[in-house]
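Colleague: Could you take me through the side-chain contacts of the aromatic rings in this model, giving the cut-offs as you go?

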Amino acid sequence: MPFARLATATTPTCHLGLGLAAVGRPGYINLGRDQDLGEDRSVETLRTRTHELLDAAYAQGVRYFDAARSYGRSEEFLAEWLGARPGIDDVVVGSKWGYTYTADWSTDAEQHEVKDHSVRTYERQRAETAALLGDRLDLYQIHSVTPDSPALTDKELHARLAEAAAQGLTIGFSTSGPAQADTVRAALAVTVDGEPLFRTVQSTYNALETSAAPALAEAHDAGLTVIVKEGMANGRLAGPYAPEALKAVAEETSLGCDAVALAFVLRRPWAGVVLSGAATPLQLASNLQAAVVDLDEEQLARLATLTEDPHTYWGKRGQLPWH
């Protein structure tokens, strides 16, 4: 398991990872992105920004980096960064397949990505990922599985994924939508030749959306590494947009709302890696302070009052514009 590398890490930030969704392409749904990235979102500008973020993250102890085929050129940018730093051999590299990026480097495309969990898409995207990341890829995840996804029942796909696992690749999946818990439990039941197929799960969990927690605890107990994405709720928990209860706790800790929001997630005993989706080095530095935030039970109780019904949460997320 590649995540065994993190088990021996001693930096406070070893359980925080860097996700590249916000910087691998010019358009994304995070709030405040207009201010974060400005108008120049050329390939070269975002390549430079991504490399700067990766440098900053590594220097501050982050050892998991997360990309996807649909995150524009995120795999390309990550592969270039790794290639230029051959001495870095203690990181865990994850990517995802199942969505195809279709925006052609535009922020106002009618459709930014197309989902398809078929064997054909897996084979195509696996080859594309291999061409970029080669043997630096540790973890390959099915992107955004939902209860109706054919990826949960396609035996041919399971066999192909098991073949990749036999060759040393860790196989995982990510979830989205209001039925994340159902997806996680269905995936836990998937086996090939009597052995569990999936070794990691990546799910949305934050102070607003906590519905997957019991299933993620079950996944952890079953031996899977749990990766948490969207701990900042796509910016809804960042300073300018944060609810008053979060702002109050942040003021008490003398740290940012983002650090408190991520610390809330880090407190979960099943959370193996919590992703930062920072778009600037300053945001990243603030996010990483989550590792030293000490929340007491009264503060945690106040943050727990922020929870939304999952259908409400995902409805709001679906209305966020691509910036």
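Modeller: Let us begin with a charge over a ring: the charged end of arginine 73 sits over the ring of tryptophan 105, where the criterion is that NZ of Lys or CZ of Arg is within 6 Å of the ring centre and within 35 degrees of the ring normal. This is a predicted model, in which local features need pLDDT of at least 70 and side-chain atom pairs count only at pLDDT 80 or more, while totals for chains, interfaces and linings use all residues. Residues are numbered from 1 along each chain as its sequence is written, and side-chain values use heavy atoms, with hydrogens and water left out.

Colleague: Over the ring of which residue does the charged end of arginine 268 sit?

Modeller: The distance from the charged end of arginine 268 to the ring centre is 4.8 Å. The ring in question belongs to phenylalanine 264.

Colleague: What is the angle between the planes of tyrosine 28 and tryptophan 322?

Modeller: Rings of Phe, Tyr and Trp (its six-membered ring) pair if their centres lie within 6.5 Å, and planes under 30 degrees apart count as stacked, over 60 as edge-to-face and the rest as tilted. Tyrosine 28 and tryptophan 322 lie 5.9 Å apart, centre to centre, and their pair is edge-to-face, with an angle between the planes of 80°.

Colleague: Why does tyrosine 28 count as buried?

Modeller: Buried means under 20% relative accessible area, exposed over 50% and partly exposed in between, using a 1.4 Å probe and protein chains only. Tyrosine 28 counts as buried because its relative accessibility is 10%.

Colleague: Which residues form one aromatic cluster?

Modeller: The structure holds 10 aromatic pairs. The residues that form one aromatic cluster are Tyr58, Phe65 and Trp81.
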